[in-house]
Amino acid sequence: YQQKPLPFLRYPLPVLDKLDFAILNYLQVDGRTSFTDISEKEGVSVGTVRTRFTRLIQEGVLHIVGRVDPTKVGFNSYAHIAVCIRPAKFREKVARKISTWPEVSFVASTTGAYDLEVDVMCANNDHLTEFVDRLSALEGVSHTNTTIYLKVYTYAQPGLQVLTGRN
C-alpha cells in the first residue's frame, strides 16, 4: 500500500509499504509480538523486521506505550466535553493548554457549534466537576457541554486493515 501525497500537509508523510503495515498490525493486536514471529509470518528476516521497527519509531509512526484499562486503575468518570471558544483567536492557546492536563486523552479542533472536542478521564464525578470548572475558567472559554459516558464498549485505535485491505 502506498500512501498518496496530500498537497495540504505541511510535512511529508513517511512512505509505508505492505511490510510496514503488517508490522504495525501485528503490534496493534499484541504489542508483545516478537520480531521472530513477525518475520516468520511475513517471510522476511528478523533483521528486516528490527530495522523496519526502529525506522517506524524514529519517524514517529509507532509509539510504544503501556495502555491501561482506565476503569481498573480508578478512572470512574469518563466524559466528552464540547468547548466553545470566544473570541476564536484563543482556540489554539486553550487547546495547547488543556492538552497538557493529565485527565485529557483527546483534544481536537472542530467545525460546528463548538470549537474543541475534549475527552477526559477522571477519578469520579467530583473530580470531573473540578476539571470542568478549571476548564471554564480559562481565558477564551465561553461555555462547555459535558456528556458523561455511562458505559464504554470499545476503547481502541482503528484497525489498519481499513487502509490496507489486509485482514
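**Exercise 1.** In this predicted model, helix α1 (residues 18–29) and helix α2 (residues 35–42) pack at an angle of about 130°, with their axes 11 Å apart. Classify the packing of α1 and α2 and describe their contact.

*Solution.*
1. Angles over 145 degrees count as roughly antiparallel and 65 to 115 as roughly perpendicular, the rest between these being oblique. The angle here is about 130°, so α1 is oblique to α2.
2. The crossing of the two helices, α1 and α2, is right-handed.
3. On α1 the contact is made by Leu19, Ala22, Ile23, Tyr26 and Leu27; α2 contributes Ile38, Lys41 and Glu42.
4. Sorted by class, the contact of α1 with α2 has 6 nonpolar and 2 charged residues, and no polar ones.

**Exercise 2.** Work out the strand order of the open sheet and state which strands are at its edges.

*Solution.*
1. The sheet has 4 strands, in the order β2-β3-β1-β4, with antiparallel pairing.
2. β2 and β4 (141–149) each pair on one side only, and are the edge strands.
3. From one strand to the next, the twist averages 20°.
4. Helix α5 (residues 125–136) packs on this sheet and touches β1 (77–85), β2, β3 and β4. The direction of α5 makes about 160° with that of β4.

**Exercise 3.** Describe how strand β2 (residues 104–109) is joined to strand β3 (residues 116–122).

*Solution.*
1. The strands β2 and β3 run antiparallel and are joined by 5 bridges.
2. Val104 has Val120 as its bridge partner in β3, and Ala108 has Glu117.
3. β2 and β3 form a hairpin with 6 residues between them. In the turn, Gly112 has a positive phi of about 105°.

Conventions:
Residues numbered from 1 in each chain as written. Predicted model: local features only at pLDDT ≥ 70, side-chain atom pairs only at ≥ 80, totals over all residues. Heavy atoms only, no water. Pairing = 2+ DSSP bridges. Axes fitted to C-alpha atoms, helices over the stretch in contact; angles between N-to-C directions. Parallel < 35°, antiparallel > 145°, perpendicular 65-115°, else oblique. Left-handed = near helix turned anticlockwise from the far one by under 90°. Contact = heavy atoms within 4.5 Å. Nonpolar A, V, L, I, M, F, W, Y, C, P; charged D, E, K, R; others polar.
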